[in-house]
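Subject: Structure handover

Dear colleague,

I am passing on the structure below, together with notes on what was found in it. Please keep it open beside this message as you read.

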Amino acid sequence: MIKRYIYGKPIETEAVVKTLAPTEGTVPYLAATETEEAYVFEYDMNAYDRLYGLGENIRGINKRGHIYESNCSDDPMHDEGKSSLYGAHNFLIIKGEKTFGLFIDMPSKVIFDCGYSHKDQLKITVTSKDFDLYIIEEKSFTAIIKAFRELIGPSYIAPKWAFGYQQSRWGYKNEEDLKKVVAGYRENHIPLDAIYMDIDFMDNFKDFTIDPNGFSDFKATVAELKEQGIRLVPIVDAGVKIEKGYDVYEEGVEKGYFCTNEKGEDFVAAVWPGLVHFPDFLNKDTRKWFGEKYKILLDEGIEGFWNDMNEPAIFYTPEGLQEAFEKVDEIRQKDNIGIYEYFDLKDSVSHTGNNPKDYQRFYHQVGDQRIRHDKVHNLYGYNMTRAAGEAFETLEPDKRILLFSRASYIGMHRYGGIWTGDNISWWSHLLLNIKMMPSLNMCGILYTGADLGGFGGNTTEDLLLRWLQFGCFTPLMRNHSALGTREQEAYQFTDLESFKNIIGIRYGLVPYLYSEYMKAALRNELYFRTLMMDYPEDSFAENVEDQLMVGESLMVAPVYEQNARGRYVYLPEEMLMIKFKSLTDRSYKIMEKGHHYIQVELEEMVCFIKPNHFIPLCSGGEYIEALDENHLELCGFIKDEASYELYQDDGFSKDYHNPAHFTHIKVSKENKALQVTCNKSELSFTLNLH
């Protein structure tokens, strides 16, 4: 059951797809206090209550003990002290003696004090008096998640090629750079499906333009690489460069499509191109206009995009810069600068970027309302991606286009995925990647992954290998690095064979991973789950946060510590451990329920199969379309019988629910012999069952 409580006059975020009548009376579970500018909700927790959700955020899967803010923020150097990241996902489940979920649909800052100020109290501060509060009550923890997923609508489905390995780097400037990367992968027979183009491919950082010096015939380059099984994926940034003669800028000014300042003039800020205007994506006419601009690149043969800098990130505003200059001038007049004045001097410059004051300087037109940006801040990236997603329904009605974003809010999952934002080549960020996945899935965000190896900083060979071993299971498997950092394409390292093998394992797993993704998306279920979700009666499973269930059959236990040659693993039941050195070089061991230390060498990847489960594996080429998925190996752990529902489609079209896409495979032991039944005669199988 879902109850909706309306406070004031909420801004319509379109996060939910079901219209629920408001519930009268007092909100259950929570004690509410109204202040002059906010509402505060409190819940007294007992010692064993756990808090799950909040989507993209720092620390553990259980959020108890820290303070979090839903406030889309650009900060790649995030550590445990950070309170908000690139997304804002206000869905939380309290699990304990009383188990219920809540969703606060409000597009500005919400503060979740999860036992930080008082260890036994959940305190939620909603910094507005206009919002919807949903309380979700169901029979189980997983039923609450499913009810919420049904409330917010179906998840975005990417084209199948986007489940291949993808290479990105800020600094690929021209077609020669791209072809060099392709050659590095193809000549070493390392699978690859996509290369990303960061800001350098544009003409002076202008959206929907192509640098004529770097790309003399862009369409020909796109077509040439596609013949090799490689898609090019360009970036689209939120800021539109202020430049006479630039059609996107001039059209936006003429039609009134940009955000405005307090005086009603087009708001000016600075990002990569220098001074820019921000399209008012909360205005449906602006969304239609901007979304149609993607056709410029679609017509060049592009089939995927990543939307960036859309919190929106602001390097500075003229007003903020002027305030900083005035502070510097004030301090420099003094002969002796005190330590606190020195701190003011530093802060006056460092705080010009993404300054909260700047988010109060511009406005959106939402219907007949003019709303200051900070009141709807968390909707910006969502609606930028929505603009593209809605446009693709017209521009490419029968074809899936890859689309994901940096900033997001609940509801954006219907239009695209996310990557988890700029990160650093830290082992802690690998662990954060692991722990973030179930929370994102709870919020409907299924097509997701991190910058493998780390975006900022210099990765190490062992870090990248270990990160790839987990990235093999994330739907988005993208290696991305920043300008000026160590080159981290897979072919750049000493142990080339291990990189080739690990990425090759991903391609062998595609029939399973794609099937599990599609079923999760079509049925509002989870692709990544915590052990607690599958084993609710196992009290120890609830404590395990560095092992995840992936789909119906697999458990993964990644190695995430420097120089580690193994790790401790908890098995909630007897399982089959598979050690991969390559797709074809594997070892198997049936392991009993309980605690184990397992050896995992740097070149090995480990996963576990549940009893009476199996996974389909394939072999084939070095990109998704070259895989042979008609001849499958069934690899698993059969005690008596098991069945599996395989999903196969063309990878492009949108008739997702077509019964012809589903294949039912059953394996049973009869008189100690294995029998396989399948409803499709065109498939053949080899068995590797234990």
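**Overall form**

The protein exposes about 26,300 Å², and carbon and sulfur atoms supply 47% of that area, where accessible areas come from the Shrake-Rupley method with a 1.4 Å probe and, for residues, only the protein chains shown count as cover. Please bear in mind that this is a predicted model, in which local features need pLDDT of at least 70 and side-chain atom pairs count only at pLDDT 80 or more, while totals for chains, interfaces and linings use all residues. Residues are numbered from 1 along each chain as its sequence is written, and side-chain values use heavy atoms, with hydrogens and water left out.

The protein has 13 helices and 41 strands; these are DSSP runs numbered from the N terminus, helices being H or I over at least four residues and strands being E over at least two. A compact globule of 690 residues would have a radius of gyration near 26 Å, and the protein, with 25 Å, agrees with this; the radius is taken over C-alpha atoms, and the globule rule is 2.2 Å times the number of residues to the power 0.38. Along its principal axes the C-alpha trace spans about 85 × 65 × 55 Å.

Of the 690 residues, 61% are buried, a word that stands for under 20% relative accessible area, with exposed for over 50% and partly exposed for what lies in between (1.4 Å probe, protein chains only). Among contacts between residues at least 6 apart in sequence, 72% join residues at least 24 apart, a contact being heavy atoms within 4.5 Å.

In α3, residues F218, T221, V222 and L225 are buried. They cover an arc of only 100° around the axis, which puts them on the same side of α3; the arc is that of the directions from the helix axis to the C-beta atoms. An α-helix has 3.6 residues a turn, so residues three or four places apart point the same way. The buried residues of α3 pack against α2 (175–187), β13, β14 (231–237) and α6, and the helix is followed by G229, whose phi is positive, near 85°.

**Backbone points to check**

Most residues other than glycine have a negative phi, and most peptide bonds are trans. The peptide bond from E311 to P312, however, is cis, with omega near 0°, and P312 is found in the loop between β19 (304–308) and α7 (318–332).

N204 has a positive phi, near 55°, and is found in the loop between β13 (194–197) and α3 (218–227), where N204 is partly exposed, with a relative accessible area of 45%. N524 also has a positive phi near 55°, and its place is in the loop between α12 (496–522) and β28 (528–530); N524 is buried, with a relative accessible area of 15%.

**Rings and charges**

How many aromatic pairs are there? The count comes to 57, where rings of Phe, Tyr and Trp (its six-membered ring) pair if their centres lie within 6.5 Å, and planes under 30 degrees apart count as stacked, over 60 as edge-to-face and the rest as tilted. One of these pairs, F208 with Y294, is edge-to-face, at 5.1 Å centre to centre and 70° between the planes. This pair links distant parts of the chain, 86 residues apart, with F208 in the loop between β13 and α3 and Y294 in the loop between α5 (284–293) and α6 (295–298). Both F208 and Y294 are buried. The rings of F493 and F499 have centres 5.2 Å apart and planes at 20°, so that pair is stacked, and both residues are buried. Two charges sit over rings, by the rule that NZ of Lys or CZ of Arg is within 6 Å of the ring centre and within 35 degrees of the ring normal: K206 lies over the face of Y246, at 5.4 Å from the ring centre, and the charged end of R478 sits over the ring of Y196, 4.8 Å from its centre.

**A buried loop residue**

I445 is found in the loop between α10 (427–442) and β25 (448–449) and is buried, with a relative accessible area of 5%. Leaving aside its neighbours within four places in sequence, I445 is in contact with H89, S408, H413, I418 and L440. I445 and E56 are 389 residues apart in sequence and 9.6 Å apart in space, C-alpha to C-alpha.
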